[in-house]
Amino acid sequence: MDTALKQDILQQAEENKVEFIRLWFTDILGVLKSFAITVGELEDALDDGMGFDGSSITGYQDIEESDMIASPDPATFKIIPWSPEETRTARMICDVRTPDGDPYVGDPRYVLKRALERANEMGFDNLYCGPELEYFYFRGSDAPEPLDYGGYFDLTTLDAATSLRRETILALQELGIDVEYSHHEVGYSQHEIDLRFDGALEMADKVQTYKTVVKEIATRHGVYATFMPKPIRDQNGSGMHTHQSLFSGDKNAFFDGDNEYYLSDEAQAFIAGQLRHAREISIVFAQYVNSYKRLVPGYEAPVYIAWSRRNRSALVRVPLYHPGKEKATRIELRCPDPASNIYLCFAALLHAGLEGIEKGYELSEPMERNLYDLSHDEREKMGIQSLPADLGEAIMEAENSELLYKALGDHVYTRLLEVKRAEFEEYRVQVTPHEIMKYLPIL
């Protein structure tokens, strides 16, 4: 590590009276893991990383090969805003390595780094992402009891979480995370705080931090925040609409002023790639049984694989171009949900788009009709496919996906499928209250 950078971090720790540093990393499902070291260990951690047992981390190593190293990324040193002033705690996000210092193939952060390397090899410096993460506030974690019954953009006493959002935004800003805006969402007690776009790796780190901050501030106020995709049956689920654009230097590779949609050939092929591979990578952007309860017609979540400029029922939307805003040209993928592993999600989306560019996929005409109004036969005639109906179908699509295997690598691909098969089998044998109520009296 650069000596000046290390000394800067050590100086920040001393000036801010930091006593503990929490080292963060992510398991295969996107769950944040952490252990703490004292400030006296910080210099050694920066030089050599800190060892931990990887055998108990979902998707990591077996017990006979369990030694792992958490290597802190110096760019991620931040003081945790709510830590006591007299004994401040900082956090650093880590790359996971093997004992010999190589990147660990099971680390989701490394999976995203590999995807960005592919983009670099194809002449693109970065994928910029702007995810919109929705979530719910409930009175506790044992039942989905809303705090309010407000609606979209409500500014009334019904929006009981205004102060929670405000405190969350202030904490995010203290952590160096820029927020564009926040508001009440469509569902009861549903909210959204949108982060200003950034490079894919930086944004993935920010998303992990954002989710932690949202939950921490809620807990400090005696309520519960959840990123569960569909916690209330008759309300909209929580999505993570993801805005994306590829850049080469300071040039937006997605913009073409001569195209009728202002989309370059690369942008069109990128969209075509994400549409073509959407079904097989759905296990990543919608990874839980509950994710597919959100992806149903009637609740604003996209189900049908098509693209449009204005139509929000399509999987991909291209926001309207405004002259002079060439760098803002982007695509918006509307199917991911906020419970996904953000590193794997961005990696799979990037690989799908790059595959489209590399192989010259052609983009179909935009679908500007409301896709929910079309009949099944009409959609079939138009060649419009649907996302998988449940996790089981998503697993079958993933099992036959060369692209997903390439995107995740053998280790993550294999372990993720193992975990998801077990989850779906556990779900399949459940007898729900709905079934008892519907069938027991008549069968």
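Mentor: Tyrosine 135 is buried (under 20% relative accessible area, with over 50% exposed and partly exposed in between; 1.4 Å probe, protein chains only), at a relative accessible area of 0%. Keep in mind that this is a predicted model: local features need pLDDT of at least 70, side-chain atom pairs count only at pLDDT 80 or more, and totals for chains, interfaces and linings use all residues. Residues are numbered from 1 along each chain as its sequence is written, and side-chain values use heavy atoms, leaving out hydrogens and water.

Trainee: How do the rings of tyrosine 135 and tyrosine 137 pair: stacked, tilted or edge-to-face?

Mentor: Rings of Phe, Tyr and Trp (its six-membered ring) pair if their centres lie within 6.5 Å; planes under 30 degrees apart are stacked, over 60 edge-to-face, the rest tilted. That rule gives 13 aromatic pairs. For tyrosine 135 and tyrosine 137, the centres are 5.0 Å apart and the planes at 85°, so the pair is edge-to-face.

Trainee: Which charged residue sits over the ring of phenylalanine 227?

Mentor: Phe227 forms one aromatic cluster with Tyr135, Tyr137 and Tyr210. A charge counts as over a ring if NZ of Lys or CZ of Arg is within 6 Å of the ring centre and within 35 degrees of the ring normal. Here the charged end is 5.6 Å from the centre of the phenylalanine 227 ring, and belongs to lysine 211.
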